[in-house]
Amino acid sequence: MIPAAGVQAVNKGTNITFDTTSTEAGEFLLPNLPLGEYTVTIKKDGFQTQKIDNVEVAVSKTTNITAKLGIASQGTIVEISATAATLETTSSSLASVVTPRQVQDMPMNGRDFRQMLKLNPGVSPTSGSVNGNRGSGNNYQIDGADNNDAFHNGTAVNQGGVSGIAGTLLPIEAIDQFAIVSNASAEMGRNGGSNVNMVIKSGTNDFHGTAYYFNRNEALAALSPFRTNDTKRVMRNNQWGFSAGGPIVKNKLFFFTTLEAQKAIAGLNFLTTHPSTAWANQARQVLTQYNVPVSTVATNLLSFWPSRYNNLGATNNNLAANDRADYDSYNGIGKIDYAISSKHQISGRYFGGTGKQAADAGVPYREYFQVAPSRMHNIAIVQTSTLSPRLVSQLLLGVNYFKQTFNDLDLSPNPIAAGLNTGVPQDGMLGGSPTLRITGFAGASATQPLGRIDTSGHITENLSYTIGRHSFKFGGEYRRANFDVFYDTNKRGSFTFDGARGPWATDTSLSPQLRAMADFMAGYISATNGATIVRGQLQRDYRQNTYDWWIHDNFQVSRKLNLNFGVRYSYVGPLFAAKNEPITSFSIANGFQLAGKGGIDLWPKDMNNFAPRFGFAYNVASKTVIRGSYGFFYDVPPLNFMVANTGMPNGGSAGIHANPAGPDPVFTITRSSVNIEPGVAIFPSTATAPTNVGAYGVSRDFRIPYIQNYNFNVQHQLSGSTVIQAGYVGSKGTKLSLLRSINPIVGAVPNAAGTGMTGGARMYASQYPTLGAINILETIANSNYNSLQTSVRTTRVKGFTLNANYTLGKSLDNGSNVRNALAANSFNLRREYGPSNFDMRHIFTAFALYDVPQLGNFAPRLTKGWQLNALFTAHSGEPLDLTSGTNRSGSGDNRDRVDVIGQWNQNVPVQTVPNGAVPYFNKSAFAAAALGTYGNIGRDSFYGPGFNAVDFSVFKETPITERIRTQFRVEIFNLFNRTNYANPTTAFNSANFGLITATRNGGSAPGIGFGEPRNVQLALKLIW
């Protein structure tokens, strides 16, 4: 232990120096260093000076250096090189870093940074769930600044616009490092799953840059296994741009910038059923057989479906959807780093992106493709000040702006002119088709006007203080979130025809699809919430304030043992509406109450959110460390749990903005068993309060959910370049948000035909006679996750680099989401406990990079500069929740499951149509739930198909001059063309029940998402 030794770290790229001195215990800390490689020099009078080169500083990780200074003799300087792969001897966090070279060289389908999430054990490659936490449980950051869209609690930059393809796209060329950290110290919070941080490149004393072009075309792709002919699905993606960085003032002021554009076209590629003329004629015959007249309105409404497919036959899956979607975005970054002095540095960075997409959002016709313009701004200003050799301050100011709107592409269909009197004026944004759904057929209209502007700002201060064996971190943060949400959900109305209304409902000689088509042609709207519409003003401006503070200590007890412990406090303020815009909350005890200014808090202020953290790292041997940690993490609920909770299956209100109460009431009106008549209003006006309207409330017992994360692992250094790790990782979620239906229909009985339920009344009909479904947001869900996680990190071993992970895990809960999710029976949540929606038992991911040695001693321009890369992804299937699709229980919640009556995995039918739908299970083993029941299976009782793909690339670099070189890339996605099936249809009343009709596309991003048939991307980069 050498106290008061001088320690100097010099950034090799910028030549900026950072100084400190060791404490009385011989410890030293240089916190918040810019990323990069450093030369660290340690000196003390009377001792040899030691210089350690190539010390890598990575994001979200602690780099440990052990220096031994010998007694001085003739002023000797001992020079050594840092080990490439080091043990984590001072931190108990689970951190995985994707290095700068891995970021740039990984074959990423769509060049979307979200794909790097899976290079960490415990991460679901499809949902982004980390260690059994919900996908909304990650805190996304860029340079430490907030990158969360609080509406979803997902990433703002690179958030999917339509079909999962990013609306704006942060250029991969700009990313220096990518890290995901879980079980973190007290300075990290906001969410319980993980902290995901990207650091943008900075300029150095040398001018560096790139210019590049990436191109994909279906000419180099494999055929789809679901093709109807030998024509390839259209899939073209073009991305081009440049990056540049360097000094403005050498050793002092640096810049980095990048610009990138993307233009993509993707043809659809799945089977569906179009309500063709042949189907309509067969339905007319059914009506004639039962002496029911054809509705003239229905005949008019058929024109809302594109006529170009009307010549198709009356068969299931008669349409191979191939309309083209298009995506474009333009994105740029500018960053300035300024060394004010040796003690003060400041950095400023701006990201701006804009994009527009028109793509399938559930309806396969381009007329009803969802159009989604996006705008994104993200700003970070970071000042780091060395106030003394032991005290360092880092002040961060961050602003995140996100705007996105949605609508149908074609707004010309006019329901009023067709005779369907919805009461909706056909001018402005509300003009266009209502949502029309005939069970078993492709629908008309996918999107009703939606949009939001989410703006969040935060100020964060972190103080690092070193004394003796202690390294303290103190800090605090204030966040202000503003949300302008204008989701006109269901303002045009929704109409469902399911085949259960007409006298043909029990005619088993007719297919379910034909019975549904007959209902449509007769104008018979479903008896189960068949017609719904929202009336009133839905736009609101919301605000939310959150405060955090923390204290954490890394205590070096001995040379072998490090303890780290601390506490974080979080206050998540109740959501409130700005100005005097009313929001209301419902409870059985109090009915509707104004929430926010002038009323009650939306939820009681939760002032007890202390989150203790504890961990240790014990260096049991020179190359082996045992680590473990335990901690509490609070989880900020997404806004969409309470606002714009669209598509509720029971017809409940969409949220606190959409209640039929307050000075600006909103009515969710539901009608069942109504017949369409020309020009006759389907819904009552809002002049008088209608009956059977939905309501929404936040429970008075609502609390901020919390997660307990824990792990125990062993790290071992096999060599200077290889570290392996294995251990147990678990989590327990408590008071998780869950939506519960508290006013179901009770007392319903089977109808005379035995096809459905009839009669009954709402549970609280006597107390609230005008209300229908009432949904209450409560914090009553729980989760449990246990796993074995292993990893191998190998760096530069004879040109070979490897990052590999395997997870064997199991995630259980009684609710994995809130938005659009309800229990089958909200009064029996014990039956809901089962595998999480994102549960995967086995996950393996790996990225391997190999620098090929020169191929002989001739023609160096040809035989040198080759590189091979491979990204491996394999995992077991995700759970399937098999539903009846109709109101079998009579509760009106429409979440009833099926009855299992046989062996689902035996006697599975074979594929009958070449390149057609693939049976996944024996659907004869299932039946609609017995009338009056919720089904005899629990939630997520079956699993879908697994996934396996290898993405491979070959690089060839060729020097042009001493400073300029070209890089040609061939990137092959799904190298072995393995067929990765999407999940089968899980609604029993669908004609496609049990059938797989598409390949998987990662993040629902057609063509650009991982998992589809083999495709090839070519790229050329100019590097200097």
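Reply: This is a predicted model. Its chain exposes about 37400 Å², of which carbon and sulfur atoms supply 56%. The chain contains six helices and 57 strands.

Me: What makes the radius of gyration of the chain agree with that of a compact globule?

Reply: For 1024 residues, a compact globule would have a radius of gyration near 31 Å; the chain has 30 Å, and therefore the two agree. Along the principal axes, the C-alpha atoms fill a box of roughly 110 × 70 × 55 Å.

Me: How much of the chain counts as buried, and what share of the contacts with a separation of 6 or more joins residues 24 or more positions apart?

Reply: Of the 1024 residues, 58% count as buried. Residues 24 or more positions apart account for 74% of the contacts in the chain with a separation of 6 or more.

Me: Why is N158 called buried?

Reply: The relative accessible area of N158 is 0%. The cut-off for a buried residue is under 20%, so N158 is buried. N158 sits in the loop between strand 10 (154-155) and strand 11 (160-162), and has a positive phi of about 75° although it is not a glycine.

Me: Why is N820 called partly exposed?

Reply: N820 has a relative accessible area of 38%. Partly exposed covers values between the buried limit of 20% and the exposed limit of 50%, so N820 is partly exposed. N820 also has a positive phi, of about 60°, and is not a glycine; its place is in the loop between strand 45 (800-813) and strand 46 (834-835).

Me: What makes helix 5 mostly covered?

Reply: Ten of the eleven residues of helix 5 (residues 512-522) are buried. Among them are L514, R515, M517, D519 and F520. The elements that cover these buried residues include helix 2 (277-289), helix 3 (296-301), strand 24 (435-438) and strand 27 (494-497). Just after helix 5, G523 takes a positive phi of about 80°.

Me: Which residues have the most contacts inside the largest nonpolar core?

Reply: That core has 55 residues, and those with the most contacts inside it are F495, W504, M517 and F520. Helix 5 gives the most to this core, with seven residues. Another core lies apart from it, with 49 residues, including F369, I656, Y706 and L739. In soluble globular proteins, nonpolar side chains tend to be buried together.

Me: Which residues is M517 in contact with, leaving aside its neighbours within four places in sequence?

Reply: M517 is in contact with P275, W279, A280, A283, L302, I438 and F441.

Me: How do you know that I381 is partly exposed, and which nonpolar patch does I381 belong to?

Reply: I381 has 38% relative accessibility. That value lies between the limits of 20% and 50%, so I381 counts as partly exposed. A residue of a patch needs over 30% relative accessible area, and I381, at 38%, is over that cut-off. I381 forms a nonpolar patch on the surface with Y350, I379, L397, V399 and I459, and together they have about 450 Å² of accessible area. I381 lies in strand 22; strand 22 (370-388) and strand 23 (391-408) each supply at least two residues of the patch.

Methods: Residues are numbered from 1 along each chain as its sequence is written. Side-chain values use heavy atoms; hydrogens and water are left out. Patches are made of residues with over 30% relative accessible area and no salt bridge: like charges are joined within 9 Å, nonpolar side chains (Val, Leu, Ile, Met, Phe, Trp, Tyr) within 5 Å. Accessible areas come from the Shrake-Rupley method with a 1.4 Å probe; for residues, only the protein chains shown count as cover. A salt bridge is a side-chain nitrogen of Lys or Arg within 4 Å of a carboxyl oxygen of Asp or Glu. Helices (H or I, at least four residues) and strands (E, at least two) are DSSP runs, numbered from the N terminus. Buried means under 20% relative accessible area, exposed over 50%, partly exposed in between (1.4 Å probe, protein chains only). Contact means heavy atoms within 4.5 Å. A nonpolar core is a set of buried Ala, Val, Leu, Ile, Met, Phe, Trp, Tyr and Cys residues joined through side-chain atoms within 4.5 Å. The radius of gyration is taken over C-alpha atoms; the globule rule is 2.2 Å times the number of residues to the power 0.38.
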